[in-house]
Amino acid sequence: MTSTPIRIATRQSPLALWQAEFVKAALEETHPGLVVELVPMVTKGDIILDTPLAKVGGKGLFVKELEQAMLDGRADIAVHSMKDVPVEFPEGLGLVTICEREDPRDAFVSNNYESINALPEGAVIGTSSLRRQCQVRAMRPDLVVKDLRGNVGTRLGKLDNGEYDAIILASAGLKRLNLHDRIRNEIEPEEILPAVGQGAVGIECRVDDERVRALLEPLADANTTYRVLCERAMNNRLMGGCQVPIGSYAEIHGDQIHLRALVGEPDGSKIVSGEVTGPLEKAEELGTGLAEQLLEDGARVILEKLYQDEV
Ligand SMILES: NCc1[nH]cc(CCC(=O)O)c1CC(=O)O
């Protein structure tokens, strides 16, 4: 049976292309005969590279052009790292499929040191994520955290030319790009809680496109979906934009889901954390509930200050 091709709108960074190719391969394998094409695009976020993300309007910048292409019918789906997917979608679009999660942890990368704890006093560590900065500063207030932007290759280049003693990146990104050997130490969630959705890939499409939705359905991973929806419900209740130090991680044990989360001051001077366990079907309510507990325990004060600084 010949049919209309499925067109994937994608950014052109190596990681974005890997993710798009991954979904293309999964679709083709699941539906023999289906033709899947990539539609490479440039987003504002790819152009404005030297301004801190918080100042240029956050990660929504990386998805707007892709979403417009789907709304205009120039593309059918967009593949995202779940941790970059904003809370709200434009009218007519939605996130319909979450694929199996890769390693959710952060990775410590350095040419000279084994771990965060092994860094000498005053060492320079690179990350642009307030979540990582906050948790690193809480562990090691003596370290200098320096902004680090660009795609994974660019960031590794900046480490290699001596601008940093170490950097922190998502393990999933390094593994997808075949850069496992750059990881010196996998940072466990007990040390640095990952970002909401880290390591998972999600697929967005037009919500009324029944054909595409049916084709995507077999790519969904049920456990990952519960985990990521639980983390996102927590984040949504906190109105967590990307430039807020929020960490979160959900795991499934049997029919129970366990969620950990934290909100912190960017300088690590204060961290409010909590956890909750409950039945899998209640994943989202549990997430919302934990967020409310964190707000009461001090997160509200931290967040109000941060949102005020933003405007
Ligand atoms: N913010 C950029 C980004 N978005 C997703 C990943 C990695 C892959 C993933 O988490 O799924 C990365 C790179 C990084 O943070 O090191």
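Two strands count as paired if DSSP finds at least two bridges between them. Strands are DSSP runs of E with at least two residues, helices are runs of H or I with at least four, and both are numbered from the N terminus. By that rule, strand 11 and strand 12 (residues 256-264) run antiparallel and are joined by 8 bridges.

This is a predicted model: local features need pLDDT of at least 70, side-chain atom pairs count only at pLDDT 80 or more, and totals for chains, interfaces and linings use all residues. Residues are numbered from 1 along each chain as its sequence is written.

**The two sheets**

Strands of a sheet pair through backbone hydrogen bonds, either parallel or antiparallel. The table sets out two open sheets.

| Strand order | Pairing |
|---|---|
| 2-1-3-10-4 (5 strands) | mixed |
| 11-12-13 (3 strands) | antiparallel |

Strand 4 runs antiparallel to strand 10 (residues 201-206), with 5 bridges between them. T97 has I203 in strand 10 as its bridge partner.

I246 has V263 in strand 12 as its bridge partner.

The surrounding residues are S81, K83, D84, V152, L169, A170, A172, G173, Q198 and G199. Strand 8 (166-170) and helix 7 (171-176) are the elements that give two or more residues to this shell. Domain 1 (6-99 + 200-220) and domain 2 (106-187) each supply at least three shell residues. The domain bounds come from an automatic or database domain assignment. By class, the shell holds 4 nonpolar, 4 polar and 2 charged residues. Gly counts as polar here, and Asp, Glu, Lys and Arg as charged.

**Helix 9**

Helix 9 (residues 222-237) has 16 residues, which should span 22 Å at 1.5 Å a residue; its end C-alpha atoms are 23 Å apart, which agrees. The expected span is 1.5 Å times one less than the number of residues. Buried residues (20 or more other C-beta atoms within 10 Å of their own, C-beta atoms placed from the backbone) in helix 9 include T224, R227, L229 and E231. Just after helix 9, M239 takes a positive phi of about 55°.

Key:
Near = placed C-beta within 6 Å. Buried ≥ 20, exposed ≤ 12 C-beta atoms within 10 Å, placed from the backbone.
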